[in-house]
Amino acid sequence: MSSAVSRRNSCRGSQCGTRSSSSSLECRRRASNCSYLATSEELSVSLSQPIVTITLRFFLAIDLWLSKRFGVCACEDSSWGGIRPLVRLVEFSGHVIPWLIGTLYALLCGQTVPEQEIMLNLALALLLDLLLVRLVKTAIRRRRPSQNRTDLFSTFFIERYSFPSGHATRAAMCARFLLAQLVDTNSMRVLVLGWAGLVSMSRLLLARHYVTDVGFGLLMGYCQYDLVERLWVTWDCLQDLLLMRLQERLNKVYG
């Protein structure tokens with residue numbers, strides 16, 4: 001009797017197991033069908049969008065993929081994390097603070113009027129670059145890459161927004177400025193162009209920017225020099241402007 005009861009229980013258990021397994025299979029099939037329907041619906045929605053939006057999203061996906069590939073020095077544990085201090089040094093060479101300090105020092109220590117005029121316009125060009133980059137970043141408001149690491153040094157200098165790269169705009173503008181005003185040998189031209197390329201590349205290796213940020217920054221900095229040439233301030237013009245201001249102040253004081 002006990003053996004017959006155990007057989008009945010085992011049969012019932014097997015039947016329940018088969019029923020539960022079949023129900024789980026049906027649930028999986030339904031879930032797979034639901035997921036397939038969801039993907040097909042998403043696909044239909046994406047295909048119903050304008051061709052411009054689809055193309056833009058395609059290029060943004062390529063931009064994200066390339067930027068992630070280039071960020072090999074984002075932290076010490078990255079594949080090229082050993083050269084991160086060297087890349088950060090190259091990054092610092094393109095920052096605005098050392099450029100402004102060096103330009104003002106050369107302006108004050110200049111021995112001739114043409115040298116002082118060049119340094120004066122370089123300082124004005126750096127300030128113009130800061131203003132234009134800030135305006136574009138505030139208008140676009142693109143966040144920085146997620147793998148970007150804010151260390152102790154970069155906390156004081158890195159902004160929240162990413163587009164365009166200020167280092168890239170500054171490198172392109174300063175390189176073109178130096179090539180047009182100061183550099184007169186082929187070896188120095190190669191050195192200046194190599195420096196601009198390394199500074200722009202450092203932003204990608206450290207995962208500070210996307211590829212489009214650096215590319216647009218180089219183009220923007222190259223075009224900024226045309227604006228600097230049109231707004232070029234001569235030393236005589238500056239002296240006349242200062243004398244006019246001084247004369248206006250004296251007229252106001254002495255009536």
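**Close-up 1. The surroundings of W99 in this predicted model.** Setting aside its neighbours within four places in sequence, W99 is in contact with S93, G94, L122, L126, C174, L178 and W195.

**Close-up 2. The largest nonpolar core.** This core has 21 residues, and W99, F177 and V228 touch the most other members. At least two of its residues come from each of α4 (96-108), α5 (113-140), α6 (166-181), α7 (186-205) and α8 (211-230). Helix α5 gives the most, with seven residues. Another core lies apart from this one; it has five residues, including V72, C73, V87 and L205.

**Close-up 3. F177 and Y225, an edge-to-face pair.** Five aromatic pairs turn up in a search of the whole structure. In the pair of F177 and Y225, the rings are 5.9 Å apart centre to centre, with 90 degrees between the planes. F177 belongs to helix α6 and Y225 to helix α8, so the pair ties together parts that are 48 residues apart in sequence. Both F177 and Y225 are buried.

**Close-up 4. F177 and W232, a stacked pair.** Here the centres are 5.9 Å apart and the planes 20 degrees. The pair links distant parts of the chain, 55 residues apart: F177 is in helix α6, and W232 is in the loop between α8 and α9 (235-254). F177 is buried, with a relative accessible area of 1%, while W232 is partly exposed, at 23%. Together, F177, Y225 and W232 form one aromatic cluster.

**Close-up 5. R176 over the ring of Y222.** The charged end of R176 sits 4.1 Å from the centre of the Y222 ring.

Terms used
Residues are numbered from 1 along each chain as its sequence is written. This is a predicted model: local features need pLDDT of at least 70, side-chain atom pairs count only at pLDDT 80 or more; totals for chains, interfaces and linings use all residues. Side-chain values use heavy atoms; hydrogens and water are left out. A nonpolar core is a set of buried Ala, Val, Leu, Ile, Met, Phe, Trp, Tyr and Cys residues joined through side-chain atoms within 4.5 Å. Buried means under 20% relative accessible area, exposed over 50%, partly exposed in between (1.4 Å probe, protein chains only). Helices (H or I, at least four residues) and strands (E, at least two) are DSSP runs, numbered from the N terminus. Contact means heavy atoms within 4.5 Å. Rings of Phe, Tyr and Trp (its six-membered ring) pair if their centres lie within 6.5 Å; planes under 30 degrees apart count as stacked, over 60 as edge-to-face and the rest as tilted. A charge sits over a ring if NZ of Lys or CZ of Arg is within 6 Å of the ring centre and within 35 degrees of the ring normal.
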